[in-house]
Amino acid sequence: MFDDLSLRWLAGQAFGLIALTLCVAGFASKRDDRLFFLLLFANVAFALQFAMFRSWAAAAIAALIVLRIHWVRRYKGSAAVMLVMAGLTVIAAVVTWSAPRDAWALAAGLIGTYGMFMLEGIAMRWLLAVAAFCWVISNLLVGSIGGTLAESLILVTNLVTIVRLYRARRQD
């Protein structure tokens with residue numbers, strides 16, 4: 001009834017939709033600890049999604065984001081830890097590189113790593129928006145519906161938050 005390619009495609013779509021659900025639940029939460037917890041699992045789902053689509057660099061970088069989220073919570077502002085994370089991201093991309101589309105996941109991983117470790121507020125959110133845009137492209141290139149929607153949601157959420165922060169800054 002289903003061949004291997006069809007099953008992988010369906011599984012990839014399912015993991016993308018799971019990631020979307022976890023992102024929505026996370027961003028809907030008012031508690032940062034719950035947001036980070038749900039984003040950890042969303043990135044596991046993203047990694048599995050990319051693995052199902054045989055986009056190995058994106059899968060490896062998404063899996064590393066789980067570690068990045070954990071390290072950022074402990075070592076925010078640490079250039080040394082940020083450089084280790086960036087190095088792991090580059091190594092993962094080099095080892096798993098298969099096509100030019102992998103450049104989008106690498107860019108997203110590096111931009112997000114710098115932004116999360118070294119910046120705060122509006123500047124951090126601008127870089128996270130750029131990283132989300134790169135992930136949108138990466139998801140579009142592999143054909144993930146849920147992943148594209150999830151990263152689009154993250155992009156729009158970051159842009160709305162940036163506008164809110166600019167407005168709050170002007171009111172102060």
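Hi everyone. Keep in mind that what you see is a predicted model.

Let's start with helix α3, residues 56-75. Does its length make sense, or what should we expect from 20 residues? At 1.5 Å a residue, α3 should span 28 Å, and its end C-alpha atoms are 28 Å apart, so the two agree. Just past the end of α3, Gly 77 has a positive phi of about 90 degrees.

Now, which residues of α3 are buried? Among them are Ala 58, Ile 61, Leu 64, Ile 65 and Arg 68. And what covers them? The cover includes α2, α4, α5 and α6.

In soluble globular proteins, nonpolar side chains tend to be buried together. Here the largest nonpolar core has 32 residues, and Cys 23, Phe 46, Phe 50, Ile 61 and Trp 135 touch the most other members. At least two residues each come from α1, α2, α3, α5, α6 and α7, and α2 gives the most, with nine. Apart from this core lies another, of eleven residues, including Leu 64 and Met 85.

One last stop: Cys 23. Ignoring neighbours within four places in sequence, Cys 23 contacts Leu 39, Ala 42, Phe 46, Ala 150 and Ile 154. That's it from me, thanks!

Technical notes. Residues are numbered from 1 along each chain as its sequence is written. This is a predicted model: local features need pLDDT of at least 70, side-chain atom pairs count only at pLDDT 80 or more; totals for chains, interfaces and linings use all residues. Side-chain values use heavy atoms; hydrogens and water are left out. Helices (H or I, at least four residues) and strands (E, at least two) are DSSP runs, numbered from the N terminus. The expected span of a helix is 1.5 Å times one less than its number of residues. Buried means under 20% relative accessible area, exposed over 50%, partly exposed in between (1.4 Å probe, protein chains only). Contact means heavy atoms within 4.5 Å. A nonpolar core is a set of buried Ala, Val, Leu, Ile, Met, Phe, Trp, Tyr and Cys residues joined through side-chain atoms within 4.5 Å.
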